[in-house]
Every structure is written in structure tokens, then in C-alpha cells.
Amino acid sequence: MKKNTFSERDICSKLITPAVVEAGWDLQTQISEEKTLTDGRIIVRGKMVARGKQKRADYVLYVKPNIPIAVIEAKDNKHSVGDGMQQALSYAEMLRVPFAFSTNGDRFLFHDKTGQSASMETEIRLDEFPSPDELQKKYETWKGLSDQQARVAFQGYHDTGKTPRYYQTNAVNAAVEAIAKGQDRLLLVMATGTGKTFTAFQIIWRLWKSGAKKRVLFLADRNVLVDQTMVNDFRPFIGSMAKLSTHSKTIEKADGTTEDLTLAVDKKRRINTAYEIYLGLYQALTGPAESQKIYKELSPDFFDLIIVDECHRGSAADDSAWREILEHFSGATQIGMTATPKETEYVSNINYFGEPIFTYSLKEGIHDGFLAPYKVIKSHIDRDVEGYRPEKGQLDRDGNEVEDRIYNTKDFDRTLVLDDRTKLVAQRVTQFLKESGDRMQKTIVFCIDQEHAARMRQALINENQDLIEKDSRYVMRITGNDKEGLNQLANFIDPEADYPVIVTTSRLLSTGVDAQTCRLIALDREIGSMTEFKQIVGRGTRVHADTGKYYFTLMDFRGATNHFADPDFDGEPVQIYQPGPDDSMTPPDDQSTEPPDDPEGGETVIIDPIDPTLAPHDPFGGDDPTSSSGPQKKIYVDGIGASIIKERVEYLDADGNLVTESLKDFTRRHLTRRFASMDDFLRRWNAEDRKQAILDELSEEGIDITLIGEELGRDLDPFDLICHIAFDAKPLTRRERAENVKKRDAFNRYGEQARAVLEALLEKYADEGVLTLDDTNILQINPFSHMGTPIELMRSFGKKNDYLQAVHDLQNALYEESA
């Protein structure tokens, strides 16, 4: 076989796959070809969105489905056998596997990280490829797994019809392996929107099916989390699963049908111990009174596996509700799952569960393209920056004199209300929606408390009276004490429901409220912690391709986004924009940069009535301050006025640094990094037969040449745009380039029909900017289809290769004077 003529795909199908199969690997269950690992980073340029290049391994080999063990990277035979090794190792690191292979069809280069081979990298023949048993035994020895531990560690997944993402299999496999080896306290950290519940299901399923764990408790702190889990991800447990609650529930599923949840507690609060999988709210299992501690009716050894979902909220404290439950069942293996590990002087889940055995951060999720990046608009209000001191004798709305002191942002809307400030925020939010061209994009305005949320709702209604007339639900307050608002929560998070559009609320912490289509989050309250800030960002990071939601915007009126500077924050915004008082609220399209940095792996939120056993709470987060202590007395001052001050635009560059620059500057910097000089670029351009390949490479790096042309308002050839932006060369229009070729009479050596074809190709370039002139399919469309068949037209040059050479010469002639 002439392997040097084979494409990379030929090498794979004719040589590599047969060699791997011959070694004993099952083609259906153990070999995945062209395995896509990431979606490709979402790149935002103004309002334009593009995907970066996906990461795709030529082969991933599995012990069993979703339990990877090796990676193979193949190259064509023009490469050396080891040319793919570095790429293979990067994929192996992503998948946490110790074996990597590189090949060009002649031999394999075998990289063995386990240290059990004579050399770390060894060349082997195609017929020497190791068998599944050989690699599995090496893996087990490397990990120190006994036969019994290996049986648990390699227990199969449940086939839900949904392929786990690579990081989900990493989390599941790491947890199952650790538990198989006897670890009994584990912490998994996964950013909001990355499928923690699906991950928890597969962990439970594999341990349950292997017999390693027989009775399981899944603990959460929101009814919606438990109920949606039972009817969605945990559905395969039906018949063996029940909810630890006395309250019967009928749940509406995503397809519109309903389902009654199975309950394990009767009206006399007796627990049915016949089930194997239990789900419950820790608030429902315990309470201040001894009679409320229902968990004590179960023996300490009843459960042998407990998973605590969202173990960061008040739960991490030593005296928290789930801590007393976990201590009662201390003999059970216990797993904490969180998006935001909590570690402070007073509260620590790391202290309880130990250091995370697996982490998938917000930054990683955005970089892989599974999560939506975001822009930030910073709006500094004069009263917040300068503070407010009442004039002597200043009266409040009730006619009482206002205490003479300086009030600042910590006071506003908490103890002192400047109504003009509230109106200003409502105006700016409305202005943003109008300028964006889509006033129907789902928006959450985050307020100090329920009273502030009510005033913000009123201000937004007054700013959007035209849409309120069409449907009064356009703006709604959704807080724990507002029944009408709560009744509309399901519609707000439903991608198919138009209303409500804007909701005002007081807290935004719950991971149970999955607002997939939320495109705008306005912050008009201070954010007290990194944990809270990450949760807020997580409300918008779900990608929703069906509605074209690939990024979202944070409007910050309280300096909350200063958390970006905190070393504990693991993700940065695509763009930070600080508009002045008279500026547009929409960030300028010519100053966008690479996104930095999570879509829920198929999780669907099902909304149910608030559990009557729980205290009133804000559906978006923790209990509202007014719920327990009653409304706080506030001072209302009218007629003071408020305005936006300051302006600064910052963007995140490819290195993760915030810089002030335009899209043109950003593009120039990246082009000059790739091409050291004009001559360097010209050499690459002229050497590349397919010019589009260069543009594709730039696009993968986030440089869209078409977009920069739109910004400059010039319909130029990409060649001219690059030369102009990077090297300040005078650009020519496509028409000018085409006319220059005609003036040089470059076609005089061809016959009449061949000249007509080349002239028509030149017109196509001048009029439409076609770069792929060497694609013979172009001969099937006008005007070529009227000149003859593609075969007839190519024959006018001689043979097909003569035609392709003529087109290649034509392309070179277009750029001749530049060289």
C-alpha cells in the first residue's frame, strides 16, 4: 500500500482501526473514533457570536463505555510516528488516563505514564498494540486497586441516552474509584450549570449496581431540587426510590404530563424502610425541636451513602442542619457537591469533606464552550460615589427631619431610600433593553430586599408602559411573600413562555431556579461573598442554542463586580463597560474581545408549590431578611436626584488580562503576534493554495476578519484587511485588484472559452469576494452554467489539473503587486 498517499482518515480506517480491533478491543463498546471532547469556546465580538475550534481526539479507548483508559492521535504518513504525541498527551490529561499513542500508520509511539514499561515512550509495531486486559492490569497496578476494588471502579454506567461530557465522566470515575478504595468523605466542585445532579445519579447508580452501597440518601435544601431530580435524572430508580416527606406532590414534567412522587413518610411521620434510594430536604428531616428530628427514627447504620447537594449554603457551618444529619449517619460514605466551596474562619465544607477530589471551574466551562461568557456594564451613580448628606432641615416623605450624617451605598434602599436613584436604575435597565433591539429578553433585577424589589418593579413598569399595556406580566416581582409572582416563576424560566420578561427579586442564590434564557442580570445590591457572587453569575451561564443565547450581560450598579479582582474568582468577563451619564447602555460593538469563561447537562427545572413546612423564602435564593424579622423601617427622601458618572471600557485579552483597547487594536496585536512582519505574512499567504485556510486558523483564535471589515465600513479583501490593520498598508478594493489583473492581460495565453471562464471568476471575486475559486463546484452556478458543463469548461484549459493551475495563477495575480 502506498501509505504516503493516504489521508489521515485513510490511515485511521485502513491501518489503525484494524490494528486496535485485532488487539482485542471491541469496536462497538471500547473504541470511540473522532471523539468530540469540547463544544468550542464561545467567542463574542460586539453582538456577533462564533464558536472556537472543538477539541476532538482521533480515538479514545474505554474499559467500558464512559470509563476511558487510553488516547490515540493519528497523522498522515507524511508525518513522523511521534508527531501526534503532544496532542495525544493533552487529551489524555483532559480524560485523566495514563496511556497515549501517536501513529502515522507505520508504527505506534506508546507513552506509558504508569512507569511499568522499560521506557516511558516506546515505539511498537502495529501488530504489537496492547490488549484491553494488558492496559487494564497496568492501570489497576498503577492505581493500587485490588480485584474487588477494580470490580467496583469499573462498574458500568446507566445508559440514559445522554452521553456524559468528559468532565462529568472524570467526576463520576474519580468518586467511584475513591470510594472503591475506601475513602469515605469526598468533595466534588462543579460550576453551576455543569450537571451536578446527572453526575450524582451516575455515581449512585454505579455504586448501587455493584453492590458497594445498598441504601442511599440524597440531601438538598430546596423542594424544587428534590422533585425535579426524582422525575428527571433519578427516574431510573423508580420502584426503589422515595421522598422523605409527608406531603404528596403532583409534578408537571417538561413534556406537560404529570406524575405523583412516591413518599416514604406517612401522616404519622413513620418512615417506610423498604426503599433503597431516598431523597429529602434536610430542613424537613430536622428542626430545633427534638420531635422534628425525624432522621433519628432511622438507625445510624441505615444509610451507607449520603450525597449533599449544594453543600455550600448555610450548610457548611458546624451547627448546620445537614451536619447533624451526617454526624448521625457518620458510618456512611458522604459526598458533598457544590459550585462554590466555602472556606472561611467560621464556615468550612473543605474541613468536613476534605480537599476536592475533582474540580471543574467556571473558567474551564467557558473555555470549553459548555458555559456562556458574559459582558459587564459598570454604572457608577453619583450618590453612591459621593455619598449623600441631607441639607439642614431636610424632611423625609413623612415630614420628619432626616438625621444629619453621610449616607452611602450601604445605606441606600436598606435604611434610606432615594426614589430618584431607583428610577435611574430602572431607566438604565430599560435603556439597555431598548438599545439591544430585544426588549423581550429575560431579565433579573437583584434588589436589597422585598420592599426594594417592589419599588423597582413599580419604576420599571413606569418605564415600560407600552409593553405593560400588552401584558401586565411584562414586569413582575418574584419574592417569597408575593403569591402572584411565585405563580409566574415557572413561566419565567420556561424558554417557551414569553412572560414574565423582567423580574425583580431580593436574592439570587438558588441553583434550583434554572433560568436558561436569562440574558440580563442587573445588580442593585451589594454582594457579600464570593460564594454568592458565583451563584449570581451562574444564573446566566447556561447556553440556550434554541433561542440563540450564547452570552449574557451583567449590569452592576453597586460595584459587586469588584469580585472579579478576588483571587478566589475563577472566571472573568468578556467585556467590562462603564458608560457615562449620556452614553448608550449597550457596550460599543467595536470594542469587544475574547470571552473568558458553564449549560446544565440536560437538567430541566420543575416548579412545585412552596413546601408548607418551610419558612417563606425567595425562590431565587436564601430567606429574605424581611421574612423573619419583619419589614425594616426606612427613611424615604424625594426630589434629591441621581445621575450616572464615570466611564471606562475594558476587555479581557487572550492572556486573561483586562486591557483598554478597541477591536481594531485587539486584532492588530493578535495578527502581529502571528505574523512578525509584512514579508512574513506575504510568504504564508502566497504559499497557501487555499487562502481560506489562513482565515479559518485566525477564526479559531477569535479573530473574525469579516467583522473588522464591517467595523471599518470597508468591503475589502481579507488580504487587504490584514495588511492594513497589522502593517498599515494602503488597502485596495476587490474591484481595483480585479482591474489590475485585467490591465496586465494575464489571460492572453489561453483560448477564448478559457479566457471567458477566468474573466467570469474574476468578476465573481470582485462582486462577491469569493476566495474559493479553485472549488470546481463553482462551475455549476451562474454564469458558468450558461457557458457549458463543468467538464467542458475545464477541458478548454486541457485537463482538470491545467484548469486548477490556471485558477491558482489567477489567485496569485490578484496579489502580485503586493509581493
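Is Arg270 buried, partly exposed or exposed? Arg270 is partly exposed, with a relative accessible area of 49%; buried means under 20%, exposed over 50%, and partly exposed in between (1.4 Å probe, protein chains only).

## Basis of the model

This is a predicted model, in which local features need pLDDT of at least 70, side-chain atom pairs count only at pLDDT 80 or more, and totals for chains, interfaces and linings use all residues. Residues are numbered from 1 along each chain as its sequence is written, and side-chain values use heavy atoms, with hydrogens and water left out.

## Salt bridges across the sequence

The structure holds 29 salt bridges, each a side-chain nitrogen of Lys or Arg within 4 Å of a carboxyl oxygen of Asp or Glu. One of them joins Lys138 and Asp112, at 3.1 Å from N to O. Because Lys138 lies in helix α3 (residues 132-143) and Asp112 in strand β7 (residues 107-112), the pair ties together parts 26 residues apart in sequence. Helices (H or I, at least four residues) and strands (E, at least two) are DSSP runs, numbered from the N terminus. Lys138 and Asp112 are both buried.

Lys162 and Asp233 form another salt bridge, at 3.6 Å from N to O. Lys162 sits in the loop between α4 (147-153) and α5 (166-180), and Asp233 in the loop between α7 (223-231) and β11 (241-243), so this pair links parts that are 71 residues apart in sequence. Lys162 is partly exposed at 27% relative accessible area, whereas Asp233 is buried at 11%.

Arg270 pairs with Asp266 in a salt bridge whose closest N and O atoms are 2.8 Å apart. Asp266 is partly exposed, with a relative accessible area of 28%.
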